[in-house]
Amino acid sequence: IRSLFFLLFGFLMNSSEILNLETLQWAFALVISIFIIRLVSIKLLKLSTTPFLFIAPRGLITILLFLAILPEDSIPFVNKSLIIQTMVLSILAMMLGLMIYKKKVDFNTSNNEIAK
């Protein structure tokens, strides 16, 4: 079902919407603010920032919420370009963060040792 929504969203967008320069700066600002708010929240909870900061998929729920908005309820500034650019940038940030954070887990150990 998840793949169906991504296919549906892919058919609804044009490739020119990904490279829309008018909304690209807003998408960068939105993604940066999301990560800053997430960092502050993680620091307040006194958790380790390294894996938790980057693991935050927003793709499927963003598509579902965007498709559920009625045309008369939409904000003209928030269009498909901004949504897809925000998704792609946050997914790229998650990918780069996970590539940088390489924690090796030994699968031969017990669950108690992994939890430590």
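Leaving aside its neighbours within four places in sequence, which residues is Ala-56 in contact with? Here are some notes to read beside the model.

1. **What you are looking at.** This is a predicted model, in which local features need pLDDT of at least 70 and side-chain atom pairs count only at pLDDT 80 or more, while totals for chains, interfaces and linings use all residues. Residues are numbered from 1 along each chain as its sequence is written, and side-chain values use heavy atoms, with hydrogens and water left out.

2. **Confidence.** The average pLDDT (the predictor's confidence in each residue, from 0 to 100) is 78 for the protein, and 82% of the residues score at least 70. Where pLDDT is low, the predicted coordinates should not be read in detail.

3. **Ala-56.** To come back to the opening question, Ala-56 is in contact (heavy atoms within 4.5 Å) with Arg-38 and Met-94, once neighbours within four places in sequence are left aside. You will find Ala-56 in the loop between helix H3 (49-54) and helix H4 (59-68). With a relative accessible area of 12%, Ala-56 is buried (under 20%; exposed is over 50% and partly exposed in between, with a 1.4 Å probe and protein chains only). From Phe-35, Ala-56 is 21 residues away in sequence and 9.4 Å away in space, C-alpha to C-alpha.

4. **The cores.** Phe-35 also belongs to the largest nonpolar core, with Ala-27, Val-31, Ile-42, Leu-53, Leu-82 and Leu-89, seven residues in total. (A nonpolar core is a set of buried Ala, Val, Leu, Ile, Met, Phe, Trp, Tyr and Cys residues joined through side-chain atoms within 4.5 Å.) H2 and helix H5 (80-100) are the elements that give two or more residues to this core, and H2 gives the most, with four. A second, separate core has six residues, including Phe-9, Met-13, Phe-66 and Ile-83.

5. **Gln-85.** Helix H5 also holds Gln-85, which is buried, with a relative accessible area of 3%. Leaving aside neighbours within four places in sequence, the contacts of Gln-85 include Glu-17, Asn-20, Thr-23 and Ala-27. Ala-27 is one of the residues of the largest nonpolar core.
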